[in-house]
Amino acid sequence: EPVVALVVAAGSGVRLGGEVPKALREIAGRPLVLRSVEQLAGGGCTHAVVVVAAGTEDAFAAALASAPVPVRLVRGGAERQDSVRLGLDAVAADPSLAGCRVVLVHDAARALVPAAVVARVIAAVQGGAPAVIPVTTVIDSVRQVLPGGSSVVDRATLRAVQTPQGFDLATLRAAHELIARDGVAVTDDAAACEHAGHSVVLVEGAREAMKITEPLDLVLAEAIARADV
Ligand code: C5P
């Protein structure tokens, strides 16, 4: 049965600068989006649906020509959650993906996610969890800034949330319909499921799955990719 990777890559990537969409930027000669699809396939995804901005389809098709699994391109929306919803609609409507129960939603910018993390997420969904997220502990001390000053937050209780996040496909589609109906804004898909009343299962993420966001991240990613960590 298909395990679908839904890769969102329709953002502008303004924080990274440059002319091309962020997901087409290269680390050590390979585009972020291709690396993401390779890692997802390495962890067990059998198909990829990549959500891209209008007008960038040809460039993404070229970047993904050597992808190890079949890739379908879908046009994205105004916000990340719109792009995910459009991608999920495409998954549900695609006859070649009939019978798909497990979908992983992944930020293209997390291009170096280890295959082992992907495999952990898939295993947890196949084990019956409706929503699964990879998380890491927080290294820095953390403060909450309030109008009257700031106060320390116990970092031991905090986790940073990564992707790929794994879901039962029907659960995630219903959750996205609900947040669209309720006008709720979310920054990730687990939050959409939580709004719909589902509990979220945490599995161990990895520092390598960092979201490549700022120029410094590209430098780090180059080094990681060349070292083949
Ligand atoms: O902006 P942010 O860093 O949260 O974006 C996370 C991911 O969502 C990126 O991979 C980006 O390409 C994607 N995205 C999208 N459609 C949008 C906005 C963001 O696919 N409208």
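Helices here are DSSP runs of H or I with at least four residues, strands are runs of E with at least two, and both are numbered from the N terminus.

**Ground rules.** I'm working on a predicted model, where local features need pLDDT of at least 70, side-chain atom pairs count only at pLDDT 80 or more, and totals for chains, interfaces and linings use all residues. Residues are numbered from 1 along each chain as its sequence is written.

**Helix 4.** I went to the end of this helix and found G128 following it, with a positive phi near 115°. Then I checked the length: 12 residues (115-126) at 1.5 Å a residue should span 16 Å, and the end C-alpha atoms are 16 Å apart, so the two agree. The expected span is 1.5 Å times one less than the number of residues.

Which residues of helix 4 are buried? I got V117, V118, R120, V121, I122 and V125. Buried means 20 or more other C-beta atoms within 10 Å of the residue's own, with C-beta atoms placed from the backbone (exposed is 12 or fewer, partly exposed is in between). An α-helix has 3.6 residues a turn, so residues three or four places apart point the same way. The buried residues of helix 4 pack against strand 1 (3-9), helix 1 (32-42), strand 6 (102-107), strand 7 (131-137), strand 11 (165-168) and strand 12 (201-204). A contact here is two backbone-placed C-beta atoms within 7 Å.

**Helix 7.** I ran the length check on residues 215-227 too: 13 residues should span 18 Å, and the end C-alpha atoms are 19 Å apart, which agrees. Just after helix 7, D228 has a positive phi of about 55°.

**Core.** I looked up the largest nonpolar core and got 62 residues, with L6, V7, V33 and V50 having the most contacts inside it. Strand 1 gives the largest share of this core, seven residues. Such a core is a set of buried Ala, Val, Leu, Ile, Met, Phe, Trp, Tyr and Cys residues joined through C-beta atoms within 7 Å. Leaving out residues up to four places away in sequence, I listed the contacts of L6, among them V49, V84, L88 and V105.

**Ligand.** I counted 15 residues around the ligand, the closest being V8, A10, G11, S83 and D107. The cut-off is a backbone-placed C-beta atom within 6 Å. Strand 1 and helix 3 (80-93) each supply at least two residues of this shell.

**Whole chain.** I found seven helices and 12 strands. Of the 229 residues, 41% count as buried.
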